[in-house]
Amino acid sequence: MKIAIFGSCVSRDTAEFIPDADVVTYVARHSVTSLEAPHGTEGTDLSELHSAFQKRMVTSDLRGDGIARIVKHAKDLDLVLIDLVDERRGYWLYADGTTMTNSLEVESCGAARDARRADARLVEFGTDEHFERWKSGFEKLVDGLSAADLCSRTILLDIEWAGAVDGAQHPQQDRIAKLGRTWRRMQRGTREAGRGLSNGRGVGEAWLTLWSVKPTEAEEYADRAAVANADYKRYRELARSLVASSVARSSSEVRIDRDHKWGPQPFHYRNADYLSIVDGILEHMKDYGGDRP
């Protein structure tokens with residue numbers, strides 16, 4: 001099965017569980033905002049990126065050629081997968097209106113620093129400004145796939161971030177549950193402040209300890225997932241309205257795989273979750289018969 005991906009780890013990791021999958025095109029680190037006004041490669045130093053894959057992905061974003069890379073293989077493709085993970089870090093907006101996705105690679109190689117020095121500004125994910133430009137870019141992506149007769153073979157992976165590791169219960173986000181987490185955090189702070197006073201720390205230092213106690217790993221995952229899922233909501237809703245088929249999983253249905261090969265993250269799931277997503281993909285493909293023009 002020949003697959004193209006416009007997205008990142010959610011789709012790429014899922015593809016590894018699809019029988020006989022052959023990912024012929026992988027467009028990653030590429031916000032749809034770059035499809036309309038890419039900044040271009042001139043003057044952007046990527047020499048600090050030592051991975052050929054990283055250089056290729058960032059260069060593709062700077063050129064805004066994500067659609068072209070997929071459409072080039074349109075006649076051979078059985079499936080196009082889309083996810084929205086790469087939108088989470090926002091994009092750099094230059095004075096001339098061009099953009100560059102704020103990927104981790106852009107940060108690590110110094111391109112983000114150079115953008116800042118060039119008076120570009122970071123447009124944060126979740127803001128109205130980001131959403132409006134993303135909406136226009138996503139519509140361009142769908143139009144490009146439609147022109148290549150790929151819409152019937154395109155599936156959006158609408159998978160929320162997991163708020164708990166495998167084996168743990170999904171955290172509740174109602175008011176009582178949030179108050180409970182805050183209370184437990186204050187209790188830990190009180191214990192640490194008490195130990196500090198016993199060890200000779202001043203009252204002021206102990207007071208700072210009380211209010212600066214760090215969240216537990218479980219609390220951090222729960223908080224990150226809750227914020228991200230809330231921020232993604234309108235993006236996912238619009239994407240579902242424009243893409244004919246989608247496979248959705250709520251945060252309560254998935255879990256973080258602590259032993260995931262890329263490390264535990266709210267968007268790195270268990271094998272069982274990927275297999276479930278694949279079942280959904282294959283069901284959609286069965287519905288349209290998997291036919292290609």
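Which side chains meet in a salt bridge at 3.2 Å, N to O? They are those of Asp-22 and Lys-2. A salt bridge here is a side-chain nitrogen of Lys or Arg within 4 Å of a carboxyl oxygen of Asp or Glu. This is a predicted model, where local features need pLDDT of at least 70, side-chain atom pairs count only at pLDDT 80 or more, and totals for chains, interfaces and linings use all residues. Residues are numbered from 1 along each chain as its sequence is written, and side-chain values use heavy atoms, with hydrogens and water left out.

**The sheet**

- Five strands form an open sheet with parallel pairing, in the order S2-S1-S3-S7-S8.
- Strands (E, at least two residues) and helices (H or I, at least four) are DSSP runs, numbered from the N terminus. Two strands pair if DSSP finds at least two bridges between them.
- Strand S2 (22-27) and strand S8 (245-249) are the edge strands, and each pairs on one side only.
- From one strand to the next, the twist averages 20 degrees.
- Strand S1 (residues 2-6) and strand S3 (residues 79-82) run parallel and are joined by four bridges. Ile-5 stands opposite Leu-81 in S3.

**Helices on the sheet**

- Helix H9 (residues 217-242) packs on the sheet and touches strand S7 (154-159) and S8. Contact means heavy atoms within 4.5 Å.
- The direction of H9 makes about 160 degrees with that of S7. Axes are lines fitted to C-alpha atoms, for helices over the stretch in contact, and angles run from 0 to 180 degrees between N-to-C directions.
- Helix H10 (residues 271-287) also packs on the sheet, touching S3, S7 and S8. Its direction makes about 160 degrees with that of S8.

**Salt bridges**

- The whole structure holds 15 salt bridges.
- Asp-22 lies in strand S2 and Lys-2 in strand S1, so their pair ties together parts 20 residues apart in sequence.
- Asp-158 and Arg-240 meet through their side chains at 2.4 Å, N to O. Asp-158 is in strand S7 and Arg-240 in helix H9, 82 residues apart.
- Asp-158 is buried at 4% relative accessible area, whereas Arg-240 is partly exposed at 33%. Buried means under 20%, exposed over 50%, and partly exposed in between (1.4 Å probe, protein chains only).
- A network of salt bridges links Asp-158, Glu-160, Arg-236 and Arg-240.
- Arg-258 and Glu-217 form a salt bridge at 3.0 Å, N to O. Arg-258 sits in the loop between S8 and H10, and Glu-217 in helix H9.
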